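Here is a short briefing on a pocket and on strand pairing. Please keep the structure open while reading.

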Amino acid sequence: MKISDIRIDYSLKSLDITDVQTSPLDQFHIWFKEALEAKVLEVNAMNLATVQEDGRPNSRVVLLKGLDSGFVFFTNYNSKKGKELSVNPYVALTFYWAELERQVRIMGKVEKVNPEESDEYFFSRPFSSQIGAWASPQSEIISDRDTLAKQEAELYKKFSPETITRPAHWGGYRVMPYEIEFWQGRPSRLHDRICYTLTDKNEWKIARLAP
């Protein structure tokens, strides 16, 4: 079979502009709950696209860990993504829920969450993950796997669950959206696309886009 022959005709659901919430965050809550109920695999996985210093795009999958006024994720601030965000804070997120034939596209600007929020999430993680945040010089070149194992072993000697602290270089970002699109797969590739755009008056404008 040729790759170009792979084809699925979507027909599970529909999406109309009259059925969505006035706030895209409220609409996202509804879709996220439905994705949870549908037992979507890695329901909080989202592709995060950033821009490198030379203007070229870069992307990877991260996990959504909070949803309030924006979309929250956590990482090493010294990682490649962290360095890119320090230069250009504008990002794009994409959720894809194949089981529901849906995707959500988000464009926004990141801001660091406050230290208290980073602490709260860090100390909710398993001790092994806390150690991992200290052990990995994320995105840097290392000689071999043993380098990480040795660093991890030393940190287990240094810290206990009672004494470990959050590394200053590790914490959260909140993506504050200015555009969110809800995409529902439909037959004949005539998909439903409902897009919210934040206006200068801080109000959400809703429109249907052609597939």
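The points below cover the basis of the model, then the pocket, then the strands.

This is a predicted model, where local features need pLDDT of at least 70, side-chain atom pairs count only at pLDDT 80 or more, and totals for chains, interfaces and linings use all residues. Residues are numbered from 1 along each chain as its sequence is written, and side-chain values use heavy atoms, with hydrogens and water left out.

**Largest pocket**
- The largest pocket holds about 190 Å³ of space (volume filled by probe spheres set on grid points joined across faces, edges and corners).
- A pocket is an open set of points on a 1 Å grid over the protein atoms alone, where a 1.4 Å probe fits, with protein on both sides within 12 Å along at least five of seven lines; lining residues have an atom within 4 Å of a point.
- Its lining includes Phe73, Phe74, Arg125 and Trp170.
- Strand 2 (57-63) and strand 4 (71-76) each give two or more residues to that lining.
- Strand 4 gives the largest share, three residues.

**Strand pairing**
- Strands are DSSP runs (E, at least two residues), numbered from the N terminus; two strands pair if DSSP finds at least two bridges between them.
- Strand 5 (residues 90-97) and strand 6 (residues 102-112) run antiparallel, joined by eight bridges.
- Valine 91 has glycine 108 in strand 6 as its bridge partner.
- Four residues separate strands 5 and 6 in a hairpin, and glutamate 101 in the turn has a positive phi of about 55°.
- Strand 6 also pairs with strand 7 (residues 170-184), antiparallel, over eleven bridges.
- Isoleucine 106 has isoleucine 180 in strand 7 as its bridge partner.
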